[in-house]
Amino acid sequence: MPAGCSSPTAICISMPEKRREKVQGGRVPGTTNHAQDDAQDDAQDHARHGAPGDVGPGNRPRRPLPGRAMIARLLARQTPLVPVDSAAARALVAVIAILTFLAALCAGAAELVATNSAQWRAAVGAEATIQIRPQPQADMEELVAQAARMARDTPGVLAVEPFSLGQSERLLEPWLGSGLDLAELPVPRLIELRLDPERRPDLASLRMQLREAVPGASLDDHAQWLARLSNMAQTIVAVGIALVLLVLIATGLAVAFATRGAMAGNRDIIEVLHYVGAHDAYIAREFRRRFLRLGLEGGAIGGIAAIAIFVALGWISASWRASPAGDQLEALFGAFEIGARGYLVMSGTALVAALVTAAMSDLSVRRFLQRKP
Amino acid sequence: MKDFAFAPDFSDIPVVHFENVGVRYGLGPEVLRDLTFSIEPHSFQFLSGPSGAGKTTLLRLILMSVRPTRGVMTLFGEEVSRIDQRRLADLRRRMGVVFQDFRLLDHLTLYENVALPLRVQEMEEARYRAEVTELLAWVGLGERMHVLPPVLSGGEKQRAAIARALITRPDLLLADEPTGNVDPGLARRLLRLFIELHRLGTAVLIATHDLALMDLYDARRLLLADGHLHIDA
């Protein structure tokens with residue numbers, strides 16, 4: 001106990017021995033000239049209201065002290081400098097979750113369209129059709145055989161499958177009904193060609209040869225339809241990307257407003273942090289850390305919800321696949337599968353939403369701090 | 001990282017120097033006029049004056065939360081008009097402040113409040129743990145370190161605020177009415193705490209209108225009245 005202390009728990013004017021040792025040889029040695037005054041004052045003050053160091057009445061039994069390890073754990077646990085306002089934080093997490101959910105849905109839908117469009121284009125682009133319109137006075141079987149021969153001789157054509165008259169007539173059944181005699185109708189004959197995707201055949205040359213050698217023959221490589229399909233798919237993907245960007249911007253703005261609100265609400269704390277020597281970067285980091293956590297939380301909730309929706313719809317669509325309706329839907333819209341890349345895109349969107357949250361809060365805090373004197 | 005050894009500083013450069021400094025808020029009249037004075041290293045002074053005389057404004061000037069509207073002001077030898085935000089934080093780390101209303105952060109424990117100046121310097125908690133607990137024990141709050149400020153008495157908050165100001169062993173200690181919320185006995189002991197700190201080498205400026213407190217220690221008095229400063233050596 002330092003000289004001049006009348007009680008081990010009182011504020012002693014002398015520094016503790018350890019601190020005194022540190023300052024010996026410092027600026028001014030710490031010597032106490034008020035020992036007697038201290039003793040008198042302390043005695044008087046203790047009589048009035050107890051020693052300042054006393055927690056409670058002197059005769060109250062003390063609670064057992066926690067262990068050293070527990071104290072170290074308690075002390076090492078650092079409370080965030082920015083207090084967590086649970087109501088505002090929950091609201092912000094909900095907003096971020098909803099916006100991330102929408103952004104991830106848009107990203108997933110764009111990916112779905114892009115994937116299916118690529119599949120459609122690959123499937124349709126791998127086929128071509130030769131159509132031979134009925135010619136009076138001509139042997140149609142001969143014309144079909146001649147056209148099929150020319151197609152087979154073209155490099156890059158993997159398979160040639162002429163439709164027989166019966167097959168061609170069956171193609172009309174959905175529109176005209178079954179059980180009709182179509183012998184009198186001039187039904188065009190079709191030849192389906194399967195093309196090598198690695199080595200595209202010279203279809204322009206084949207078209208010209210057919211036009212010269214086979215009367216009424218024409219070659220349809222679906223190029224026009226493919227171009228329209230491609231444009232439509234690209235437009236949908238572009239709209240999806242634009243929506244994702246818009247939602248991310250909305251997320252950023254929501255976070256910016258929330259950060260400003262948090263800064264205004266914690267103005268006193270920021271002032272104290274400044275007074276004790278905190279750099280702006282340190283304060284900004286404390287806010288960014290808090291908002292990144294909220295952003296990750298909201299992003300994870302929104303992202304997982306969106307992924308769950310896609311998984312559920314994929315599962316439902318797969319369970320319908322065996323039914324005729326399911327087959328028609330799949331034929332029209334493709335399979336409801338986005339694959340690993342799609343899920344990666346959706347997860348990435350959620351992560352970007354969290355990063356946008358952190359970046360916007362950091363920017364807002366720095367701007368707020370720059371305006372301070 | 002800050003060297004935590006108690007580095008001696010025998011420099012003669014004034015800790016604070018004012019040369020014809022004036023302050024006004026907005027377009028209003030000057031609240032402080034033609035202040036010319038210095039706070040020397042290792043000095044002790046009281047700042048006094050009636051309520052509303054500008055004591056707190058003068059402390060805020062030294063803390064640089066208010067900028068002078070005219071005159072020249074230097075802090076640790078650096079002219080404040082040339083100090084950027086980053087340097088300002090560095091200079092504030094050499095100051096300890098005891099606010100009239102304590103300014104403890106209510107969501108942090110006493111231990112965290114006292115350790116705050118070291119925490120914002122990004123010092124590892126394990127490095128300052130012993131120092132902070134020792135200081136808390138020294139001011140008689142050793143068993144209250146896990147308590148949140150709202151449940152403390154005025155005197156306990158006062159001591160916690162003082163401990164926070166002392167933890168970095170500042171070159172300059174500013175205290176705004178540090179005895180305003182305590183009884184005379186505790187006020188005397190807190191004063192002796194500041195005197196002891198002064199003896200250890202810190203320049204101390206205590207703003208108070210408590211004449212009885214000032215009579216307890218023979219020190220330079222800075223008297224603020226009508227915006228002017230009168231020095232009573």
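This is a predicted model: local features need pLDDT of at least 70, side-chain atom pairs count only at pLDDT 80 or more; totals for chains, interfaces and linings use all residues.
Chain B has 233 residues, and 48% of them are buried. Its secondary structure comes to seven helices and 10 strands. Take the contacts in chain B between residues at least 6 apart in sequence: 70% of those join residues at least 24 apart.

**The sheet in chain B**

- Six strands of chain B make an open sheet with mixed pairing, and the order is β6-β7-β8-β3-β9-β10.
- The edges belong to β6 (95–98) and β10 (228–232) of chain B, and each has a single partner strand, so one side of each is left without a neighbour in the sheet.
- On average, neighbouring strands here are turned by 15° against each other, direction ignored.
- As background, strands of a sheet pair through backbone hydrogen bonds, either parallel or antiparallel.

**Strand β3 of chain B**

- On one flank, β3 (residues 44–48) runs parallel to β9 (residues 220–225) of chain B, with four bridges joining them.
- β3(B) also pairs with β8(B), again over four bridges and in the parallel sense.
- Leu47(B) has a partner in each of these strands: Leu222(B) is its bridge partner in β9(B), and Ala207(B) stands opposite it in β8(B).
- Five of the five residues of β3(B) are buried, so the strand is largely enclosed by the rest of the structure.
- In a regular strand, side chains alternate between the two faces of the sheet.
- In β3(B), Phe44(B), Phe46(B) and Ser48(B) point one way while Gln45(B) and Leu47(B) point the other way, and all are buried.

- Lys55(B), Leu58(B), Leu59(B), Leu61(B), Ile62(B) and Leu63(B) are the buried residues of α1(B).
- Just past the end of α1(B), Met64(B) adopts a positive phi of about 65°.
- Helix α6 (residues 184–199) of chain B lies across β3, β7 and β8 of chain B, and runs at about 155° to β8(B).
- Ala187(B) sits in α6 of chain B, and it counts as buried because it has 21 C-beta neighbours inside 10 Å.
- Setting aside neighbours within four places in sequence, Ala187(B) contacts Thr179(B), Val182(B) and Leu213(B).
- Leu213(B) is 26 residues from Ala187(B) along the chain, and their C-alpha atoms are separated by 7.6 Å.

- The largest nonpolar core has 123 residues, and Val114(B), Leu136(B) and Leu174(B) touch the most other members.
- Helix α4 (residues 86–125) of chain A supplies the largest share of this core, at 15 residues.
- Not counting residues up to four places away in sequence, Leu136(B) touches Leu110(B), Tyr111(B), Val114(B), Leu141(B), Gly142(B), Met145(B) and Ala163(B).
- A second, separate core of 14 residues includes Ile132(A), Leu193(A), Leu206(A) and Val214(A).
- In helix α3 (residues 110–119) of chain B, 10 of the 10 residues are buried, so this helix is largely enclosed by the rest of the structure.

**A helix pair in chain A**

- Two packed helices are described by the angle between their axes and the distance between the axes.
- The axes of α8 (residues 223–265) and α12 (residues 339–371) of chain A come within 8 Å and cross at roughly 40°.
- α8(A) and α12(A) are therefore oblique to each other, and their crossing is right-handed.
- On the α8(A) side, the residues that meet α12(A) include Val244(A), Leu248(A), Thr251(A), Gly252(A) and Val255(A).
- On the α12(A) side, the residues include Thr349(A), Val352(A), Ala353(A), Val356(A) and Phe368(A).

Terms used: Residues are numbered from 1 along each chain as its sequence is written. Chains are lettered from A and ligands numbered from 1 in the order in which they are written. Two strands pair if DSSP finds at least two bridges between them. Helices (H or I, at least four residues) and strands (E, at least two) are DSSP runs, numbered from the N terminus. Axes are lines fitted to C-alpha atoms, for helices over the stretch in contact, and angles run from 0 to 180 degrees between N-to-C directions. Two residues are in contact if their C-beta atoms, placed from the backbone, lie within 7 Å. A nonpolar core is a set of buried Ala, Val, Leu, Ile, Met, Phe, Trp, Tyr and Cys residues joined through C-beta atoms within 7 Å. A residue is buried if 20 or more other C-beta atoms lie within 10 Å of its own, exposed if 12 or fewer, and partly exposed in between; C-beta atoms are placed from the backbone. Angles under 35 degrees count as roughly parallel, over 145 as roughly antiparallel, 65 to 115 as roughly perpendicular and the rest as oblique. A crossing is left-handed if the near helix is turned anticlockwise from the far one by less than a right angle, and right-handed if clockwise.
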